[in-house]
Amino acid sequence: MSPLDRSSPPASGAPRDFAFPAVERRTAAHGLDLRIGRMNRLPMVSVNLFMRAGEAALGSAAAGLGVLTADALEGGTKKRSGSALAESLERIGARVGASGGWEGTSIGLSCLADRLPEAMAILAEMVFEPDFPEAEVARAREQQLAQIRQRRMDPGALATDSARVRYFADGVPYRRAVDGSEESIAAVTREAMLGYVDANYRPEGGGMIVVGDVEPDEVVSMIGDHFGDWSGAPASRPDFVVEPETRDRRLVVVDRPGSVQSEVRIGHVGAARSTPDYYPLSIANMVLGGMFTSRLNLNLREDHGYTYGIRSRFTFRSEAGPFQIGTSVGNDVTAPAVRAIMEELQLMAEDGPRDEEVAAARDYAAGIFGLQLESAGQIATRITQLVVFGLPDDHFDRYRDTVRGVTTEQSAQAAARHMRPDEVQIIVAGDADVITPELESLGLAPVEVVAAES
């Protein structure tokens, strides 16, 4: 083929060699799981402190407290105001960001390697001596409340929130939004944040990940200097079993009068990160709707023009998170789109993927792996997953070989176990008067119309 011949795509090249950076594992005196990865290309360091202070351990009355507390951490310490803290970080060229989630709270730090001792001192100050000034608490609280209110007005978020409460049984934290409700967030006080930090910002079950141009012994000494007296386990621990709201297929229309588009969410309770089917299930999902050349995208976007894009995803957590297919379509094609999605899902669950589809998904997953690990921060994020989910130390060393070893049969069996068309909750947020009659004609399930929350 001529170099200028564009009548067919070029053949794929052989996968390039890629080695995950060597990671040295140490255990600090206080029990914190310490992982140190050396990268000497640039004189930079990325640190990720993960603490097992997560939203999954909180009840509905305190929902969102972990997220809000992390957001307010940069508001100041007992030694420095928020502006003084920002100036101290800027002076040494460091950046800090904190975030809370289902699994825990992470504080990320990046700086030049020679500034790490100073940056580590500031990090320890933020963890052990947060002040949460009233003005900062009010700012963070109002910002989180605004995001919650905005989500109710966003059609996509409305559909996702409506789907989630129909996937999970009452009492399962995943049934709610990770950042809480208006009621729970409005009740948060400075004292509540201080109490949450004191009770739950503890080392047991957490980890410190340091990646960059560092000497492991120096890092250990540094952590001993600043975190040496730290001890204990978080007071709040997750205590729930994931159960579905129902195992019956349901079709719910969330009425948005006047809407010209429908937001479609189809799914059910998925699988935990610990499932033995993780790799074959990931490949099966890529074939279904996890990449641009997936069946769903080729069908609904390329063949029928129903949508600009559609994706399916298993959200893997310590406990089973949701499996969900999501897209946005016009009113006139809402019912045909739902029918096409269900047909593709049924076909995948019954017959699984084909050999050529599995090969393409394997190559894609293995090929992009190295592209997602170009910076110290990206690598630190991956290493954090080892701590969060208790994965083997060599998990990422074996990743590409394991992915390339997935067979068509394994993917088909995983799809059959974890994709259950008869149990899906079909949620459509749109104009009920316009879309309900055709949805009823599909015969998938009785159609229930509910009002959107105001």
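Trainee: Is V428 buried or exposed, and what decides the label?

Mentor: A residue is called buried under 20% relative accessible area, exposed over 50%, and partly exposed in between, using a 1.4 Å probe and protein chains only. V428 has a relative accessible area of 0%, so V428 is buried. Please note that this is a predicted model, in which local features need pLDDT of at least 70 and side-chain atom pairs count only at pLDDT 80 or more, while totals for chains, interfaces and linings use all residues. Residues are numbered from 1 along each chain as its sequence is written, and side-chain values use heavy atoms, with hydrogens and water left out.

Trainee: Where is V428 found, and which residues does V428 touch?

Mentor: Helices (H or I, at least four residues) and strands (E, at least two) are DSSP runs, numbered from the N terminus. V428 lies in strand β11, residues 425–430. A contact means heavy atoms within 4.5 Å.

Trainee: How many helices and strands does the chain have, and what share of its residues is buried?

Mentor: The chain has 16 helices and twelve strands. Of its 454 residues, 54% are buried. Among contacts with a separation of 6 or more, 82% join residues 24 or more positions apart.

Trainee: Why does the radius of gyration of the chain agree with that of a compact globule?

Mentor: The radius of gyration is taken over C-alpha atoms, and the globule rule is 2.2 Å times the number of residues to the power 0.38. For 454 residues the rule gives a value near 22 Å, and the chain has 24 Å, which agrees.

Trainee: How does one read a helix such as α13?

Mentor: An α-helix has 3.6 residues a turn, so residues three or four places apart point the same way. The expected span is 1.5 Å times one less than the number of residues. Helix α13 has 14 residues (376–389) and should span 20 Å; its end C-alpha atoms are 20 Å apart, which agrees. Its buried residues include A376, I379, A380 and I383. The buried residues of α13 pack against β1, β2, β3, β6 and α12. Just after α13, G390 takes a positive phi of about 65°.

Trainee: What is a salt bridge, and how many are counted here?

Mentor: Side chains of opposite charge can pair when their charged atoms come close. The rule asks for a side-chain nitrogen of Lys or Arg within 4 Å of a carboxyl oxygen of Asp or Glu. The count comes to 31 salt bridges. In one of them, E263 pairs with R265, with the closest N and O atoms 3.0 Å apart, and both residues are buried. R26 pairs with E24 at 2.7 Å; R26 is partly exposed at 23% relative accessibility, and E24 is partly exposed at 31%.

Trainee: Which residues form a nonpolar patch on the surface?

Mentor: Patches are made of residues with over 30% relative accessible area and no salt bridge; like charges are joined within 9 Å, and nonpolar side chains (Val, Leu, Ile, Met, Phe, Trp, Tyr) within 5 Å. Accessible areas come from the Shrake-Rupley method with a 1.4 Å probe, and for residues only the protein chains shown count as cover. Here L42, M44 and L112 form the patch, with about 270 Å² of accessible area together. L112 belongs to strand β5 and counts as partly exposed at 38% relative accessibility.
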